[in-house]
Amino acid sequence: MSNRAMTPRPSSYRYKSEKRGMTYNIMLVGQSGLGRRTFLNTLCEREVIPPSEPPNPDTANVADPMKFDTYEVNLEEEGTRISLKVIDAAGFGDGLDNTSCFKQLQDYIEAQFDEVLVEESRIKRNRRYRDHRLHVLIYFIAPTGHSLREIDIEVIRKLGEYVNIIPVIGRADSLTVDELAAFKQNIMRDIDFYKLPVYNFCWDESDSEALKENREIMDFIPFSVVTCDEVIDNEYGSVRVRRYPWGTIEIDDESQCDFVLLRYILLNSHIADLINYTEDVLYENYRTKKLEVGGFAEGEDEDEEGEAETPALSAKKQE
């Protein structure tokens, strides 16, 4: 990839947020054992999730139900403060029947949209309200070396209209260079064949320079991810690596994996794009459909407390 894709692009959204900080929400989805914990720790360059306890042998064959674990981290990237909230969908895809997982994920994402819809309907809004809408979902694909599985296809198909999905290959170090290249091609072939709505980096065509950069980035999808479990010192300084009996992989070496590019995209060059697309496209589409189904116009049917009667509020009152 050329250096152009690694050049910071101007963003009024980002510049306005440098002093006040940015609110940014990420979800991690993927089966157990694909490196979600080490991915988050490596992304934030600190231990956010400690090592899990060894499983109980007596219950190791029983899959735990999916749950949402939330982690909040304050970061600073090139002078911009980021209030990062990460939701880890622990237990996704670990059972024999994972149908309920799809609904749980969709319900969670829709609930964040509904919160904003209700907040927008208030006459007096809460200035301290924290936006919990998901700006990006990192979906971990198992390194089978073949193609997408049915569970991969279904989760991307069901959630793509609600959230920006960026697919990554977890544990990519388990594949050889040739196997990884072939696997990426197979995945993209499936994405095209099934018309799966993964995040399109080229959605904004108004900036020709950015468009060229984004087309280069699209060639890396799905991103191959190897995460750090150790920091060693060499003649060039401290290096983040994953150690094996036969040697080490430097995760910041772009010739060995795509992690450094993915981190730059998530926390630097494309953070404003991901937030803007969530707010201006995904949320607006959801909002329009919700209001049409609710059958009321903006500013009408306000209750005694000055809140518009949204479907979400109606459901809350009936509880």
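This is a predicted model: local features need pLDDT of at least 70, side-chain atom pairs count only at pLDDT 80 or more; totals for chains, interfaces and linings use all residues.
Most peptide bonds are trans, and most residues other than glycine have a negative phi.

P222 belongs to the loop that runs between α6 (208–218) and β6 (223–224).

R171, although it is not a glycine, has a positive phi of about 50 degrees, and this residue is found in the loop between β5 (165–169) and α5 (177–194). With a relative accessible area of 33%, R171 counts as partly exposed, because that class covers values between the 20% limit for buried residues and the 50% limit for exposed ones. K195 also has a positive phi, near 55 degrees, and is likewise a residue other than glycine; its place is in the loop between α5 and α6. The relative accessible area of K195 is 71%, and K195 is therefore classed as exposed, the cut-off being over 50%.

## The nonpolar core

In soluble globular proteins, nonpolar side chains tend to be buried together. In this model the largest nonpolar core has 85 residues, and the residues with the most contacts inside that core are Y24, F92 and L266.

When neighbours within four places in sequence are left aside, L266 is in contact with Y24, F39, L43, V136, I138, I166, I271 and L274.

## A buried histidine between two helices

H270 is found in the loop between α7 (259–269) and α8 (271–294). H270 has a relative accessible area of 0% and is therefore buried, the limit for that class being under 20%. The side chain of H270 makes a polar contact with the side chain of S269, at 2.7 Å.

## A three-stranded open sheet

Three strands form an open sheet in the order β7-β8-β9, and their pairing is antiparallel. The edges are taken by β7 (230–234) and β9 (247–250), each of which has a single partner strand, so that one side of each is left without a neighbour in the sheet. From one strand to the next, the twist averages 55 degrees.

Strand β8 (residues 237–244) and strand β9 run antiparallel and are joined by four bridges. At Y244, the bridge partner in β9 is G247.

Key:
Residues are numbered from 1 along each chain as its sequence is written. Side-chain values use heavy atoms; hydrogens and water are left out. Buried means under 20% relative accessible area, exposed over 50%, partly exposed in between (1.4 Å probe, protein chains only). A nonpolar core is a set of buried Ala, Val, Leu, Ile, Met, Phe, Trp, Tyr and Cys residues joined through side-chain atoms within 4.5 Å. Contact means heavy atoms within 4.5 Å. A polar contact is a pair of N or O atoms within 3.5 Å; within protein, one must be able to donate a hydrogen and the other to accept it, and residues adjacent in sequence count only if both atoms are side-chain atoms. Two strands pair if DSSP finds at least two bridges between them. Axes are lines fitted to C-alpha atoms, for helices over the stretch in contact, and angles run from 0 to 180 degrees between N-to-C directions.
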